[in-house]
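Please keep the sequence and the model side by side as you read.

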Amino acid sequence: MTATATKLQLVSTKEASEILGRSPATLKRWRYEGDGPKYVEIRRRIRYDVSVLQEYIRMNTRVPSVRAAMEEIRGGF
């Protein structure tokens, strides 16, 4: 392995669902619908790369609106 090569950390659907806070059934549905994070299929076994899951979380992280942030600072809605 060269210095530029990256070691993949692959996890099962169950482990990926725990990382994402979703059920394994949801991840299965996402795969069927072509949605959700990218996955690897090796000999009919589904695995998720942890770095891909982390990027998926980053890409789906939302910043609250300015109004919501101000209301939170003031202590109420």
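## The loop and its arginines

R44 is found in the loop between β2 and β3; helices (H or I, at least four residues) and strands (E, at least two) are DSSP runs, numbered from the N terminus. This is a predicted model, in which local features need pLDDT of at least 70 and side-chain atom pairs count only at pLDDT 80 or more, while totals for chains, interfaces and linings use all residues. Residues are numbered from 1 along each chain as its sequence is written, and side-chain values use heavy atoms, with hydrogens and water left out.

R44 has a positive phi of about 65° although it is not a glycine. R43 sits in the loop between β2 (40-42) and β3, and it too is a non-glycine residue with a positive phi, about 50°. How accessible are they? R44 is exposed, with a relative accessible area of 77%, and R43 is exposed at 79%. Here buried means under 20% relative accessible area, exposed over 50%, and partly exposed in between (1.4 Å probe, protein chains only).

## A buried arginine

Now turn to R31, whose place is in helix α2 (residues 24-33). R31 is buried yet has no salt bridge; a salt bridge is a side-chain nitrogen of Lys or Arg within 4 Å of a carboxyl oxygen of Asp or Glu. The nearest side chain of opposite charge to R31 is E41, 7.3 Å away, where Lys and Arg count as positive and Asp and Glu as negative, with His and the chain ends not counted.

What does the side chain of R31 make a polar contact with? The partner is the side chain of T13, at 3.4 Å. A polar contact is a pair of N or O atoms within 3.5 Å; within protein, one must be able to donate a hydrogen and the other to accept it, and residues adjacent in sequence count only if both atoms are side-chain atoms. Leaving aside residues up to four places away in sequence, R31 touches T13, Y39, I46 and Y48, contact meaning heavy atoms within 4.5 Å.

## The core and its rings

The largest nonpolar core has nine residues: V11, A16, L20, L27, W30, I46, Y48, V50 and L53. Such a core is a set of buried Ala, Val, Leu, Ile, Met, Phe, Trp, Tyr and Cys residues joined through side-chain atoms within 4.5 Å. At least two residues of this core come from each of α1 (13-20), α2, β3 (45-49) and α3 (50-59). In soluble globular proteins, nonpolar side chains tend to be buried together.

Two aromatic pairs are counted. Rings of Phe, Tyr and Trp (its six-membered ring) pair if their centres lie within 6.5 Å; planes under 30 degrees apart count as stacked, over 60 as edge-to-face and the rest as tilted. W30 and Y56 form a tilted pair, 6.1 Å centre to centre with 50° between the planes. W30 lies in helix α2 and Y56 in helix α3, so the pair ties together parts that are 26 residues apart in sequence. W30 is buried at 11% relative accessible area, whereas Y56 is partly exposed at 22%. Y39 and Y48 form a tilted pair as well, 6.2 Å centre to centre with 55° between the planes. Y39 is partly exposed, at 36%, and Y48 is buried, at 1%.

W30 also touches L20, R22, D35, G36 and P37, besides Y56, not counting residues up to four places away in sequence. The C-alpha atoms of Q9 and Y48 are separated by 8.1 Å, although the residues are 39 apart along the chain. With residues up to four places away set aside, Q9 touches Y48, D49 and V50.

## Salt bridges along the helices

The count comes to three salt bridges.

| Salt bridge | Closest N to O |
|---|---|
| K14 and E18 | 2.8 Å |
| R29 and E33 | 3.5 Å |

K14 and E18 are four residues apart in helix α1, so about one helical turn separates them, and both are exposed. R29 and E33 are likewise four residues apart, in helix α2; R29 is partly exposed at 39% and E33 is partly exposed at 48%. R58 and E55 lie three residues apart in helix α3, about one turn of the helix. R58 is exposed at 52%, while E55 is partly exposed at 35%.
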